[in-house]
Amino acid sequence: MRALFLAITLAIAASAFGSAHAASCSIDLKVGDTMGYDQHSVTVGSACTEVTVRLAHTGHLPVQTMGHNVVIGAADAVQGIAQDGAQAGPAANYVKPGDPRVIAATKLVGGGQSTGTSFPGSALKSGGAYRFFCTSPGHLAQMTGQLVVQ
Ligand code: CO
């Protein structure tokens, strides 16, 4: 029994380590009715031809109340993207149309909805400082994470 418990503990530890460090070509995030993605850091490979972004909103609140998106940008562009996005409004998914600082952006979704997008891996440089974040007004402080490219 004790050996089994140890084996399970090791398996969980190994899978947690693997998911945190494995370089994939997708960014898969979940969010509920609170302002927090399920991950604070995501790693993608530097050799990806295409990077896919997926967001599953597992909550119940409608998009007008607790809408979330995922925007990808360089770390030093986050504030500017979010400020201009807030001005662009919900019809623009809180992303300024044609904003050259935006590497990728999903649409805004509410509870029970999913969304996604993709972008060329060449938009990311290995070792660069990137963030994923939500541009719903007031969400940025809590809804942001590090995108590692390696
Ligand atoms: Co949000």
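**A cobalt site and its surrounding sheet**

Histidine 68 has a relative accessibility of 0% and so counts as buried, where buried means under 20% relative accessible area, exposed over 50%, and partly exposed in between (1.4 Å probe, protein chains only). The structure is a predicted model, in which local features need pLDDT of at least 70 and side-chain atom pairs count only at pLDDT 80 or more, while totals for chains, interfaces and linings use all residues. Residues are numbered from 1 along each chain as its sequence is written, and side-chain values use heavy atoms, with hydrogens and water left out.

The cobalt ion has as its protein donors His68 (ND1), Cys134 (SG), His139 (ND1) and Met143 (SD), at 2.1 to 2.4 Å. Donors here are N, O and S atoms within 2.8 Å of the metal (3.2 Å for Na, K and Ca); water is not among the atoms, so sites may look incomplete. What makes the arrangement tetrahedral? The angles subtended by the four donor atoms around the cobalt ion run from 87 to 129 degrees, and therefore the arrangement is tetrahedral. For that label, four donors need all angles between 85 and 135 degrees; four count as square planar and six as octahedral if opposite donors are over 155 degrees apart and all others between 65 and 115, and anything else is irregular.

Along the chain, the donors of the cobalt ion are spaced as H-x65-C-x4-H-x3-M. Histidine 68 sits in the loop between helix H2 (63–66) and strand E4 (71–74), and methionine 143 in the loop between strand E7 (130–133) and strand E8 (144–149), so the pair ties together parts that are 75 residues apart in sequence. Helices (H or I, at least four residues) and strands (E, at least two) are DSSP runs, numbered from the N terminus. Methionine 143, too, counts as buried, because its relative accessibility is 0%.

Next comes the wider fold. The protein contains three helices and eight strands, and its pattern along the sequence reads α-β-β-β-α-β-α-β-β-β-β. An open sheet with mixed pairing is formed by five strands in the order E2-E8-E7-E4-E5. Its edge strands, strand E2 (41–44) and strand E5 (102–105), each pair on one side only, and from one strand to the next the twist averages 25 degrees. For such angles, axes are lines fitted to C-alpha atoms, for helices over the stretch in contact, and angles run from 0 to 180 degrees between N-to-C directions. Two strands are taken to pair if DSSP finds at least two bridges between them.

Within the sheet, E7 and E8 are antiparallel and share four bridges. Phenylalanine 132 stands opposite glycine 145 in E8, and phenylalanine 133 faces threonine 144 in that strand. E4 and E7 likewise pair in the antiparallel sense, over four bridges; here alanine 74 has tyrosine 130 in E7 as its bridge partner.

The loop between helix H3 (78–88) and E5 holds asparagine 93, and tyrosine 94 lies in the loop between H3 and E5 as well. Most residues other than glycine have a negative phi. Asparagine 93, however, has a positive phi near 60 degrees, and tyrosine 94 has a positive phi near 55 degrees. Are these residues buried or partly exposed? Asparagine 93 is partly exposed, with a relative accessible area of 23%, whereas tyrosine 94 counts as buried at 14% relative accessibility.

Contact means heavy atoms within 4.5 Å. Leucine 108 is located in the loop between E5 and strand E6 (114–120) and is buried, with a relative accessible area of 11%. From leucine 108 to valine 63, the C-alpha to C-alpha distance is 7.0 Å, although the two are 45 residues apart in sequence.

Across the protein, 69% of the contacts with a separation of 6 or more involve residues 24 or more positions apart, and buried residues make up 37% of the 150 residues. The mean pLDDT (the predictor's confidence in each residue, from 0 to 100) is 90, and 85% of the residues reach 70 or more. Over residues 8–21, pLDDT stays under 50, and the model has three contacts beyond four places in sequence for this stretch.
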